[in-house]
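Subject: Structure handover

Dear colleague,

Here is the structure you were expecting, with the sequence alongside. My notes on it come below the display.

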Amino acid sequence: MQPSAILESALYVADLDAAETFYSEVMGLERIAKVPGRHVFFRCGQGVLLLFNADATRQPPKPDARLPVPPHGTTGQGHLCFAGTADEIEDWKVRLEGNGIAIEADFEWPNGGRSIYFRDPSGNSLEIAEPRIWGI
């Protein structure tokens, strides 16, 4: 037995408002849930991107919580890779640079496929890559 897909991916951010603006306006993701000061969630293809305030998610749920999600969280910069075609990656590069976001790396992988790397407002490392870098 093995899972069929990753349903959720989580990043921890320092400023939820800045993250919400970045992921909705620059990345074009649809916001699907928000609890001010705790989290903001976005739909991304068939999955969901969860953005959390790490300090808030380290708090255990109240005994009568409707959704008793266990505490979690991390510190430091994370990484997330979005899928894109070669043409989409070129369009993303133009869009990101047009929004003042520096491209840290832009290269072809030895087995084929291109990646670009950049940062979100919290310093998380983001990548857009052709799925073929993983043989997908």
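This is a predicted model: local features need pLDDT of at least 70, side-chain atom pairs count only at pLDDT 80 or more; totals for chains, interfaces and linings use all residues.

Residues are numbered from 1 along each chain as its sequence is written, and side-chain values use heavy atoms, with hydrogens and water left out.

Helices (H or I, at least four residues) and strands (E, at least two) are DSSP runs, numbered from the N terminus. Two strands pair if DSSP finds at least two bridges between them. On that basis, 4 strands make an open sheet of mixed pairing, in the order E1-E4-E3-E2. Strand E1 (8–12) and strand E2 (30–35) are at the edges with a single partner strand each, so one side of each has no neighbour in the sheet. From one strand to the next the twist averages 20°. (Axes are lines fitted to C-alpha atoms, for helices over the stretch in contact, and angles run from 0 to 180 degrees between N-to-C directions.)

E2 and strand E3 (residues 39–44) run antiparallel and are joined by 5 bridges. Val-35 is placed opposite His-39 in E3. Helix H1 (residues 16–26) packs on the sheet and touches E1, E2, E3 and strand E4 (47–52), its direction making about 10° with that of E3; contact here means heavy atoms within 4.5 Å.

Asp-15 caps the N-terminal end of H1, with a side-chain oxygen 3.0 Å from the backbone nitrogen of Asp-17. After H1 comes Gly-28, which has a positive phi near 75°. The buried residues of H1 are Leu-16, Ala-19, Glu-20, Phe-22, Tyr-23 and Val-26. Buried means under 20% relative accessible area, exposed over 50%, and partly exposed in between (1.4 Å probe, protein chains only).

The cores

A nonpolar core is a set of buried Ala, Val, Leu, Ile, Met, Phe, Trp, Tyr and Cys residues joined through side-chain atoms within 4.5 Å. The largest has 23 residues, and those with the most contacts inside it are Tyr-23, Met-27, Leu-49, Leu-51, Phe-82 and Phe-118. Two or more residues each come from H1, E3, E4, strand E5 (79–83), helix H3 (86–98), strand E7 (114–119) and strand E8 (125–129). H1 gives the largest share, 5 residues. Another core, of 6 residues, lies apart from it and includes Phe-41, Val-48, Leu-50 and Phe-52.

Leaving aside neighbours within four places in sequence, Met-27 is in contact with Phe-22, Phe-82, Trp-92, Leu-96, Phe-118 and Ile-128.

Aromatic pairs

Rings of Phe, Tyr and Trp (its six-membered ring) pair if their centres lie within 6.5 Å; planes under 30 degrees apart count as stacked, over 60 as edge-to-face and the rest as tilted. The count by this rule is 6 aromatic pairs. One of them, Phe-41 with Phe-52, is edge-to-face, at 5.5 Å centre to centre and 80° between the planes. Phe-41 is in strand E3 and Phe-52 in strand E4, 11 residues apart.

Phe-107 belongs to strand E6 (residues 105–108) and Tyr-117 to strand E7. Phe-107 is partly exposed at 31% relative accessible area, whereas Tyr-117 counts as buried at 17%.

E6 and E7 run antiparallel, joined by 4 bridges, and form a hairpin with 5 residues between them. In the turn, Gly-112 has a positive phi of about 105°. Asp-106 is opposite Ile-116 in E7.

Arg-114 lies in strand E7 and is buried, with a relative accessible area of 12%. Its side chain makes a polar contact of 2.9 Å with that of Glu-90; a polar contact is a pair of N or O atoms within 3.5 Å, where within protein one must be able to donate a hydrogen and the other to accept it, and residues adjacent in sequence count only if both atoms are side-chain atoms.

Glu-88, in helix H3, is partly exposed at 38% relative accessible area. The side chain of Glu-88 reaches the backbone nitrogen of Thr-85 at 2.8 Å.

Regards
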